[in-house]
Amino acid sequence: MDLSVVLIIIIIIVLSIILAAIGAYVVIHSAEEKEKDLPQIDVSGQYAVLVKPARESLNRIKPSSERLKEWLSTQPISEEEQSSLLSKWKSSLEETIQTIDEGDKNGTVTYRVVIGPKSARFCSFMNEENYITREQIRNHAEILPPYVLGCDCKLVPKFPWENPGKAGWKPVIPENGKYQVPDWRNIA
């Protein structure tokens, strides 16, 4: 065998090894970049992979306990009543969060609000026939109870077999791009 043929074969083998190493380097580093750059999927609905937790949405929009205490301290009501209203607010908020979290686990995508007798005058923006979607909850947590201090509204899952036909399936609709939710600074 001629020396030039052997040299060409050696050069081809060395170049093949170098190209394979470069290819492996590119594949490994591009895979690491893809893993770093993946955004958290924040979608809702039947095909959701991951939804924003209800607690996060509600904490962003509803007043904090400190803010509620501060406002209640300026009202002409007893400390016992202030404490009771704050406790009702917290339990209503936790109940709403629990309902949504359970719905996320079970695949529930529509809810309705059972309007309590004490809160009925504040809830003119919706009625018992309205429904709320998980998408609305993700984008507009203000439409969830509690609405005012002492609110006795409850969020419950809405199933297709409830109120068959068109009655009972009316969406909560914003007016001029905004839901007409009452100011939380009211007492039911």
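Let's start in the middle of this predicted model, with its largest nonpolar core, which has 32 residues. Val113, Phe125, Met126, Ile132, Tyr147, Leu149 and Cys153 are the members that touch the most others. The largest share comes from α4, with six residues.

Pick out Met126 and look at what surrounds it. Setting aside its neighbours within four places in sequence, Met126 is in contact with Val113, Ile115, Ile132, Ile143, Tyr147 and Val172.

Now for the sheet. Four strands make up an open sheet with mixed pairing, and their order is β3-β1-β2-β4. The edges belong to β3 (154–157) and β4 (170–171); each has a single partner strand, so one side of each lacks a neighbour in the sheet. Helix α4 packs on this sheet, where it touches β1 and β3, and its direction makes about 10° with that of β3. Tyr131 is found opposite Pro171 of β4.

Finally, turn to α3. Its buried residues are Leu68, Trp71 and Leu72. They span an arc of only 100° around the axis, so they sit on the same side of α3. Helix geometry is behind this kind of pattern: an α-helix has 3.6 residues a turn, so residues three or four places apart point the same way. The face of α3 turned away from its buried side holds the exposed residues Glu66 and Glu70. And what covers the buried residues? The cover over those of α3 includes α4.

Key:
Residues numbered from 1 in each chain as written. Predicted model: local features only at pLDDT ≥ 70, side-chain atom pairs only at ≥ 80, totals over all residues. Heavy atoms only, no water. Core = buried A, V, L, I, M, F, W, Y, C linked by side-chain atoms within 4.5 Å. Buried < 20%, exposed > 50% of the residue type's maximum accessible area, 1.4 Å probe, protein only. Helix = DSSP H or I, 4+ residues; strand = E, 2+ residues; numbered from the N terminus. Contact = heavy atoms within 4.5 Å. Pairing = 2+ DSSP bridges. Axes fitted to C-alpha atoms, helices over the stretch in contact; angles between N-to-C directions. Arc of directions from axis to C-beta.
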